[in-house]
Amino acid sequence: MFDDQYFETMLNFVLLREGGYVNDPDDPGGETNHGITHEVYNSYRRSKKLPKRSVKYITDDEVVDIYYNNYYKASGADKIKNPRLAMAVFDTSVNMGVSVAFPVLKTFP
C-alpha cells in the first residue's frame with residue numbers, strides 16, 4: 001500500500017493498543033474507533049468531500065489513510081532511518097499529538 005517498509009508493522013503495533021469503538025461519556029475525546037476521535041474522522045471526511053458520520057463506521061482503508069497521513073507522515077516518522085526511533089515518534093504523535101512528537105524528532109540528528 002505504501003512505500004515505507006515499516007509502516008504496516010508500526011500501525012499494527014499502534015492498533016493493538018488502541019482498541020475498537022468506544023463512546024465513554026467520561027472520556028474527553030468522546031466517541032473513538034481504533035483510537036481515532038470523531039473530530040479527526042470528520043475532519044478527514046470533510047477533506048475528502050464526504051459527509052460527516054459516526055466514527056463507529058470508519059473503514060479499514062480510512063483508518064490506514066488517517067494514521068499514515070495525519071500521524072506518521074505529519075510527525076516526520078516517515079523520514080527517520082532508524083525504525084525504533086520512527087516508531088517512538090509515530091506512537092508519540094498518536095498518543096500525545098504531532099505537535100509533541102515533532103519537537104522530539106528535532107532533538108535527534
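Leaving aside neighbours within four places in sequence, Thr92 is in contact with Gly97, Val100 and Ala101, where contact means heavy atoms within 4.5 Å. This is a predicted model, in which local features need pLDDT of at least 70 and side-chain atom pairs count only at pLDDT 80 or more, while totals for chains, interfaces and linings use all residues. Residues are numbered from 1 along each chain as its sequence is written, and side-chain values use heavy atoms, with hydrogens and water left out.

Thr92 sits in helix α4. Helices here are DSSP runs (H or I, at least four residues), numbered from the N terminus.

Now the packing. Two packed helices are described by the angle between their axes and the distance between the axes. Axes are lines fitted to C-alpha atoms, for helices over the stretch in contact, and angles run from 0 to 180 degrees between N-to-C directions.

How do α3 and α4 cross? Their axes come within 8 Å, at roughly 105 degrees. They are therefore roughly perpendicular to each other; that term covers 65 to 115 degrees, with under 35 roughly parallel, over 145 roughly antiparallel and the rest oblique. Tyr67, Tyr71 and Tyr72 in α3 meet Phe90, Ser93 and Val94 in α4. By class, that contact has five nonpolar residues, one polar and no charged. Ala, Val, Leu, Ile, Met, Phe, Trp, Tyr, Cys and Pro count as nonpolar, Asp, Glu, Lys and Arg as charged, and the others, Gly among them, as polar.

Helix α2 (residues 38-47) also packs on α3, at about 95 degrees with the axes 11 Å apart. That makes α2 roughly perpendicular to α3. The residues of α2 that meet α3 include Tyr41 and Arg45. This contact has five nonpolar, one polar and three charged residues.

Next, the rings. There are seven aromatic pairs, counting rings of Phe, Tyr and Trp (its six-membered ring) with centres within 6.5 Å; planes under 30 degrees apart are stacked, over 60 edge-to-face and the rest tilted. The ring centres of Phe7 and Tyr72 are 5.0 Å apart and the planes are at 55 degrees, so this pair is tilted. Phe7 belongs to helix α1 (residues 7-18) and Tyr72 to helix α3, 65 residues apart, so the pair links distant parts of the chain.

Key: Helices (H or I, at least four residues) and strands (E, at least two) are DSSP runs, numbered from the N terminus.
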